Amino acid sequence: MTLPTLLLAFSLATIYGAGFHLIFGGGARRLALYLLAGWLGFALGQVGGSALGLRLLMIGGLNWLTATLGSVSALFAARWLATSEALAPRKE
């Protein structure tokens with residue numbers, strides 16, 4: 001993957017994480033969680049799409065469709081885990 005492709009991937013994943021935070025809210029920890037989930041999900045989606053040989057909506061070497069689906073999936077999973085953790089009763 002070339003440097004411009006990496007920069008595009010990083011920018012898109014950051015926009016997805018920040019946009020998710022803008023929509024669903026939360027503090028600085030949630031922003032950090034959503035950014036990390038966006039980056040990780042984007043990378044896993046890219047690798048998964050390449051491994052499966054899916055070449056839909058390619059932007060250069062970036063498999064935009066599978067990377068975006070991976071990012072969105074990771075963001076919703078992170079939100080679900082963060083809210084279920086907050087709702088769980090604490091053991092003292």
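Me: A helix is a DSSP run of H or I that is at least four residues in length, and helices are numbered from the N terminus. In this predicted model, how many helices and strands does the chain have?

Reply: The chain has 3 helices and 2 strands, and their order from the N terminus is α-α-β-β-α. The C-alpha trace spans about 50 × 25 × 20 Å along its principal axes.

Me: Which residues are buried in H1?

Reply: The buried residues of H1 are Thr5, Ala9, Leu12, Ala13, Tyr16, Gly17, Phe20 and His21. Over the chain as a whole, 29% of the 92 residues are buried.

Me: What makes Tyr16 and Phe42 an aromatic pair, and what is the angle between the planes?

Reply: The structure holds 6 aromatic pairs. Tyr16 and Phe42 form one with 6.1 Å from centre to centre and 45° between the planes.

Me: Why is the Tyr16–Phe42 pair said to tie parts of the chain together?

Reply: Tyr16 belongs to helix H1 and Phe42 to helix H2 (residues 28-52), so the pair ties together parts that are 26 residues apart in sequence. Both residues are buried.

Me: Why is the pair of Phe20 and Phe24 called tilted?

Reply: The ring centres of Phe20 and Phe24 are 4.5 Å apart and the planes meet at 45°, so the pair is tilted. Both residues lie in helix H1, 4 residues apart, about one turn of the helix. An α-helix has 3.6 residues a turn, so residues three or four places apart point the same way. Phe20 and Phe24 also form one aromatic cluster with Tyr34 and Phe76.

Me: Why is Phe20 counted as buried, and why is Phe24 called partly exposed?

Reply: Buried means under 20% relative accessible area, exposed means over 50%, and partly exposed lies in between. Phe20 has 7% and therefore counts as buried. Phe24 has 33%, so the intermediate name applies: partly exposed.

Me: How do you know that Thr68 is buried?

Reply: The relative accessible area of Thr68 is 13%, and the cut-off is under 20%, so Thr68 is buried. Thr68 is found in helix H3, residues 64-87.

Me: What makes Arg55 exposed?

Reply: Arg55 has a relative accessible area of 63%, and exposed means over 50%, so Arg55 is exposed. Arg55 lies in the loop between H2 and strand S1 (58-59). Arg55 and Tyr16 are 39 residues apart in sequence and 21 Å apart in space, C-alpha to C-alpha.

Me: What share of the contacts with a separation of 6 or more comes from residues 24 or more positions apart?

Reply: Such residues account for 60% of those contacts in the chain. The chain exposes about 6200 Å², and carbon and sulfur atoms supply 72% of it.

Terms used
Residues numbered from 1 in each chain as written. Predicted model: local features only at pLDDT ≥ 70, side-chain atom pairs only at ≥ 80, totals over all residues. Heavy atoms only, no water. Buried < 20%, exposed > 50% of the residue type's maximum accessible area, 1.4 Å probe, protein only. Contact = heavy atoms within 4.5 Å. Areas by Shrake-Rupley, 256 points an atom, 1.4 Å probe, with all protein chains shown as cover. Phe/Tyr/Trp six-rings, centres within 6.5 Å; stacked < 30°, edge-to-face > 60°.
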